[in-house]
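Dear colleague,

Please find the structure below, handed over for your further work.

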Amino acid sequence: MREGKKVCSFGPDSPYVDLAAEVFRLLADPTRIRIILALREAERSVNELAEAIGKSPTTVSQHLAKLRWGRIVATRQDGTRVFYRLQDEHARELVAQAVFQAEHALDDSPAHHRAGVDPEARRGATPTCPARSTDDTSGEDE
């Protein structure tokens, strides 16, 4: 086993199973996935996120409230502005793995398996897709 790589040792009787299902329900929304993808590299304000994902600030704010409730995002206030960031790497990795799985459904040879893809990305470090720019926040870049 690679040093630093965490392996899930929870069994089917884990008390965390029901909470894990809640996390999946919370992430089961395209707008929330796009928000998480947009927050991978840096914190952003509601307006910056709204512009990045093509939704209204009101819509983004409502989704951020749910993500904050679920402790997926955290905030930092600077004067009157509030900036959002991912709480930790777990949501980033969950979303990246879900998008990788979706890529398998559409492509027999997904980009994340082709030559030139950083092998650390496949192990969950901070996955990136070489086929798209990290500026593309359309929700399809991993």
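Arg-25 counts as exposed, at 51% relative accessibility (buried is under 20% relative accessible area, exposed over 50%, and partly exposed in between, with a 1.4 Å probe and protein chains only). The model is a predicted one, in which local features need pLDDT of at least 70 and side-chain atom pairs count only at pLDDT 80 or more, while totals for chains, interfaces and linings use all residues. Residues are numbered from 1 along each chain as its sequence is written, and side-chain values use heavy atoms, with hydrogens and water left out.

A search of the whole structure gives two salt bridges (a side-chain nitrogen of Lys or Arg within 4 Å of a carboxyl oxygen of Asp or Glu). In one, Arg-25 joins Glu-22, with the closest N and O atoms 2.6 Å apart. Both residues belong to helix 1 (residues 17-27), three residues and about one helical turn apart; helices (H or I, at least four residues) and strands (E, at least two) are DSSP runs, numbered from the N terminus. Glu-22 is partly exposed at 38%.

The other salt bridge links Glu-43 and Arg-76 at 2.3 Å, N to O. Glu-43 lies in the loop between helix 2 (30-38) and strand 1, and Arg-76 in strand 2, so the pair ties together parts 33 residues apart in sequence.

Strand 2 (73-78) is an edge strand of an open three-stranded sheet with the order 1-3-2 and antiparallel pairing (two strands pair if DSSP finds at least two bridges between them). Strand 2 pairs with strand 3 (residues 81-86) over six bridges, and Ala-74 has Arg-85 in strand 3 as its bridge partner.

Yours sincerely
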